[in-house]
Structure formats: structure tokens, C-alpha cells
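Please examine the sequence and the structure shown here before reading the report.

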Amino acid sequence: KNEIGELTASFNSMSHHLKTQNNTQSRFISGLASLHRLIGGGQEPGELSLSSLEFLSDFLDLCQADFFIMDNDGKLKCISRFPGHLNGERQPVLDPKDGRIGQTAEFETIAIFQREAISGSVSPVSTPDLANLIVAPLMWRQTAIGVLELSKTGVFSRFDYHFVEAAAAVIAVAVDAASTRQQEEALLERTREQAQRLKAREASL
């Protein structure tokens, strides 16, 4: 009876573990699919960045999220913040290598930190379950094109860490597509203006 009881307990434990793993994997995949559907359309970079932060904040139960984009001058500019907004605030602009945001872009790897609630001091930690701050680069074709800084009141789980890593890759693709569309639209607008000036000049001759 003892052996049968132990086997039953072991089987039940294994079944629960497998069910938990399947549920976790399902949540991971469905989360990424939802993010892709949300930002995979024709949004411009500002709208896309805010949509991404809103989704991550809800999915990971964040207390603060910032979205930095590398501008044409090679500076990291904070274009979105959630919750809250940047309207009327000075947008943070950082050089690569400048602080944890710049260093994340420079070293092109995700970084985890513990921010002290009282002092606000930030220290690197070795595992996600000690971290309440994740800084993740947005990598496109082996180049950092932006950075996410995500904060929690509690600590992150390993699931959270790996989801942020995967989500950053999805967001990076969407950001590049949005930036390309924006550049194409700007080029088209300049071409139209040049055509109108040329037409006006010909009409005056």
C-alpha cells in the first residue's frame, strides 16, 4: 500500500508539474501573439511605443515602464512612459554608455537590477527573482535601436525575464518597420513638395 501510495503521489506531482509547464508555455506564446497583433499594424513609433508599454505593464504587472529609441544622432531618447506621460516634461536624452540605459544599448544585452525602495539606489543582481528592474535592448540586425526599462513593485520571475527578452525582439521588428514607413512617408512628402515647386516655377515662365 505504501508503494502504491508513493507512486500515486509521485504521479500526481508529475501531472501537476506538467500541467503547470503547459499553462506557462501557453501563456508565454499567447502573450507574444497578442503583443504582435497589437503592434504589428501601421502604427507610428510614438503610438507603437506606448501600446507596447501598456501591454507589458498589464501582462507583467509593472509599476513603471520607459521606452527609449536611438535617434539619428545616436542618442537614446525616451519617447514613451507608462503609466503617466511625457507631455510637458523634458524628454530624457542619453548617450550610449551613459548609465544603465546607455550601457544596455552599448553591451547589447539584457540587464537586471534591484532598486531600493527608500534610497532609490540601484544595484545589479545575478538572478531575475532578486530584480525589480529590467533593462532590455531592442535589437535589430545585431544593432541596438532602442531600450526598454521596466520596473515592478515586487520582483520579476524567470518567466517575466524570458518574456521581456522575447517581447523586446518582437517590438524591435515593429519599431524598425514603423521607422521605415515614417522615412518613406517623409521622402514621399518631400518629393511632392519638390514637384509642386517645379510645377509652380514652370507656370511662371
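## Basis of the model

This is a predicted model, in which local features need pLDDT of at least 70 and side-chain atom pairs count only at pLDDT 80 or more, while totals for chains, interfaces and linings use all residues. Residues are numbered from 1 along each chain as its sequence is written, and side-chain values use heavy atoms, with hydrogens and water left out.

## Overall architecture

The protein has four helices and seven strands; helices (H or I, at least four residues) and strands (E, at least two) are DSSP runs, numbered from the N terminus. Their order from the N terminus is α-α-β-β-β-α-β-β-β-β-α.

Of the 205 residues, 33% are buried, where buried means under 20% relative accessible area, exposed over 50% and partly exposed in between (1.4 Å probe, protein chains only). Among contacts (heavy atoms within 4.5 Å) with a separation of 6 or more, 55% are between residues 24 or more positions apart.

## The sheet

Seven strands form an open sheet in the order β3-β2-β1-β7-β6-β4-β5, with antiparallel pairing. Because β3 (93-94) and β5 (122-124) stand at the edges with a single partner strand each, one side of each is left without a neighbour in the sheet. Two strands are taken to pair if DSSP finds at least two bridges between them. Strand β2 (residues 76-82) is joined to β3 by two bridges, and leucine 76 has leucine 94 in β3 as its bridge partner.

Helix α2 (residues 45-60) lies across β1 (64-70), β2 and β7 (143-151), at about 50° to β2; axes are lines fitted to C-alpha atoms, for helices over the stretch in contact, and angles run from 0 to 180 degrees between N-to-C directions.

## Asparagine 132

Asparagine 132 lies in the loop between β5 and β6 (133-140) and is buried, with a relative accessible area of 9%. Its side chain makes a polar contact of 2.7 Å with the side chain of glutamine 114 and reaches the backbone nitrogen of arginine 115 at 2.8 Å. A polar contact is a pair of N or O atoms within 3.5 Å; within protein, one must be able to donate a hydrogen and the other to accept it, and residues adjacent in sequence count only if both atoms are side-chain atoms.

Leaving aside neighbours within four places in sequence, the residues in contact with asparagine 132 include Phe113, Leu150, Gly154 and Phe156.

## Aromatic residues

Rings of Phe, Tyr and Trp (its six-membered ring) pair if their centres lie within 6.5 Å; planes under 30 degrees apart count as stacked, over 60 as edge-to-face and the rest as tilted. The count by this rule is six aromatic pairs. The rings of phenylalanine 28 and phenylalanine 159 have centres 5.8 Å apart and planes at 85°, so this pair is edge-to-face. The pair links distant parts of the chain, 131 residues apart: phenylalanine 28 is in helix α1 (residues 2-39) and phenylalanine 159 in helix α4 (residues 158-204).

Phenylalanine 28 is partly exposed at 23% relative accessible area, whereas phenylalanine 159 is buried at 16%. Phe28, Phe55, Phe59, Phe159 and Phe163 form one aromatic cluster.
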